[in-house]
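Visitor: I am new to this structure and would like to learn how to read it. Could you take me through some of its features, one at a time?

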Amino acid sequence: MMSDVSSLSIASLLEKAIRLRESMFDPRHETAFRLFNGFLEGNSDLAIDLYAKTLVFHLYSNPPEKGQILLNEAVDYLKQQLPWIQSAVVKERYGADVIKKSGVILFGSKPDRRIFENGVWYSVDLCMNRDASLYLDTRLLRQWIIQNLKGKSVLNTFAYTGSLGVAAMAAGASKVVQLERTRKFLNVAKESYSLNGFLIDRRDFMEGDFWAKVSHLKKRGDLFDCVILDPPFFATSSTGTVDLEENGTRLINKIRPLIQDGGILIVINNALFLSGKEHMEQMEALCQDGYLKIIERIDVPPDFAGFSGESISGQVTDSAPFNHSTKILIFGVKRK
């Protein structure tokens, strides 16, 4: 539903956003959440995340210079309202180079390097990449993993910085394998292990291409109680292509043989242009043979999805029955 809220000052919008999230601020300022979702809360040029005592501003204006006044007003207001903030980073979605897209420090010398969530420490590197190294839209999934994967063997594919695997370790999983093609991302996962006192076994950190490594695991006869599939929207390599909008089912079929009978498959699809209805139709079609069954849907936290439900830009696609374009499903698995 469209709402004429773009004329409101950023201070007014942030005042409302803070009020809606008042219960989420922890006394020690160690947690992380989305402080302001401008696409759904009144100004589509800005989103703001909080990581411990560091603010991360995602600037979507194009060119970025158009949003400078808006950014300055937001910084001034939040410094007044949250005086314990120690640093801030701005990431320009349409920045001229990779540094501006990955993040430039606005003030403060050292952005926070860890956050505390549901009893678990997660390492973060807020300027490492275009995102902020810990996805806030999967917070409720991390909570589900902690509550449900005790004693399970887990393969976390497209692990990135390994947060879903870290949650599985916190759950008391019997084994967690983190599969990621980029070493620097896996190094962040290892830092999270160290923060929590988890044993680091280098054999459980698999660096390499998804398609090749999954084929290797199949040849070896490895089976897991749970496989997590959290791919990027689109990626290509010499051995295969990831395209969540056009062919997300191919990834699921690739990974299914690695799951034990009676096991669990967790699928995250963040394709913005794939509607919730289309995604459910694709997933339900996969379940027709009786070897997959949808057992649960995990929502995106309301702070990330936008508390107010107001949109000045409208959704690109209708995400229903999901509450966000990040679509998370839990499947039960039977083996042939």
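Visitor: How do strands of a sheet pair, and in which sense do β11 and β14 pair here?

Guide: Strands of a sheet pair through backbone hydrogen bonds, and the pairing is either parallel or antiparallel. In this predicted model, strand β11 (residues 224-229) and strand β14 (residues 259-269) are paired in the parallel sense, over five bridges.

Visitor: Let us turn to rings. How is a pair of aromatic rings described?

Guide: Such a pair is described by the distance of the centres and the angle of the planes. There are ten aromatic pairs in the structure. In one of them, Phe-116 and Trp-121, the ring centres are 4.7 Å apart and the planes are at 45°, so this pair is tilted. Phe-116 is partly exposed, at a relative accessible area of 30%, while Trp-121 is buried, at 16%.

Visitor: Why is the pair of Phe-158 and Phe-210 stacked?

Guide: Their planes are at 25°, with the ring centres 4.5 Å apart, so the pair counts as stacked. This pair links distant parts of the chain, 52 residues apart: Phe-158 is in the loop between β8 (153-157) and α6 (163-171), and Phe-210 is in helix α8 (residues 210-220). Phe-158 is buried, with a relative accessible area of 16%, and Phe-210 is buried as well, at 5%.

Visitor: Which residues do ring pairs link into a cluster?

Guide: Look for Phe-25, Phe-33 and Trp-84. Rings can also have a charge over them here: the charged end of Lys-79 sits over the ring of Phe-107, 4.2 Å from its centre. Arg-142 lies over the face of Tyr-122, 5.5 Å from the ring centre.

Visitor: Last, which residues of helix α10 are buried?

Guide: In α10 (residues 276-286), the buried residues are Gly-276, His-279, Met-280, Met-283 and Leu-286. They cover an arc of only 115° around the axis, so they are on the same side of α10.

Key: Residues are numbered from 1 along each chain as its sequence is written. This is a predicted model: local features need pLDDT of at least 70, side-chain atom pairs count only at pLDDT 80 or more; totals for chains, interfaces and linings use all residues. Side-chain values use heavy atoms; hydrogens and water are left out. Buried means under 20% relative accessible area, exposed over 50%, partly exposed in between (1.4 Å probe, protein chains only). Helices (H or I, at least four residues) and strands (E, at least two) are DSSP runs, numbered from the N terminus. The arc is that of the directions from the helix axis to the C-beta atoms. Rings of Phe, Tyr and Trp (its six-membered ring) pair if their centres lie within 6.5 Å; planes under 30 degrees apart count as stacked, over 60 as edge-to-face and the rest as tilted. A charge sits over a ring if NZ of Lys or CZ of Arg is within 6 Å of the ring centre and within 35 degrees of the ring normal. Two strands pair if DSSP finds at least two bridges between them.
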